Amino acid sequence: MAAPTDTPVPATAPGPLTDNLCWLLSRASHVLTTELTAALHDLGLAPRGHMVLIAAETGAWSQTEIAKMVGLDKTTMVVTMDELERAGLAERRPSPTDRRARVIVVTKAGTRLLRKADAIFDRIRGDVLSTLPGDQGTVLVDALRTLVGDRLSEPVATAQPVRRRAPR
């Protein structure tokens, strides 16, 4: 276990949690997702939908491929796509290469909304990372990108699936 630091942590966090990588990442993710959810509310878009739209914009991906990219289970992906389609932000279209699959396409309205959401994400990202001194924000993002692209790229098999926290 790492040595304790003088870095401030939530007053309600027991000491052992402050050195727990899983808790730190989970806490940061939950608080950041909550802030993004609040900031995107007026656009009628959730962070989950934003991630799906971003992924869909990068190519002709199937619903299953985007779910894997974004880290959504099948049911959550279906619900998310239903919401995006109802809002006119994305469409499911037949795949040109697999008649069983549907490719997710961002509509023009989806692209316009995505640009507005991107500006909100950029502002919040800048604000969050600006609390770190010097180049620590860049170092943090680079380190997380490395972890997610390598050691933490895929979940291990487990007898009990890990459920993700639902936004409230």
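## Helix packing and a nonpolar patch

Leu 21 is found in helix H1 (helices are DSSP runs of H or I, at least four residues, numbered from the N terminus). This is a predicted model, where local features need pLDDT of at least 70, side-chain atom pairs pLDDT 80 or more, and totals for chains, interfaces and linings use all residues. Residues are numbered from 1 along each chain, and side-chain values use heavy atoms, without hydrogens and water.

Leu 21, Leu 25, Leu 140, Leu 144, Leu 147, Val 148 and Leu 152 form a nonpolar surface patch with about 560 Å² of accessible area together (Shrake-Rupley, 1.4 Å probe, only the protein chains shown counting as cover for residues). H6 gives the largest share, 4 residues.

| Helix | Residues supplied to the patch |
|---|---|
| H1 (21-40) | at least two |
| H6 (136-149) | at least two |

Helices H2 (residues 47-57) and H4 (residues 74-86) pack at about 85 degrees, axes 10 Å apart (lines fitted to C-alpha atoms over the stretch in contact, angles from 0 to 180 degrees between N-to-C directions). H2 is therefore roughly perpendicular to H4 (65 to 115 degrees).

Note on methods:
Parallel < 35°, antiparallel > 145°, perpendicular 65-115°, else oblique. Patch = residues over 30% accessible without salt bridge, like charges linked within 9 Å, V, L, I, M, F, W, Y side chains within 5 Å. Salt bridge = Lys/Arg side-chain N within 4 Å of Asp/Glu carboxyl O.
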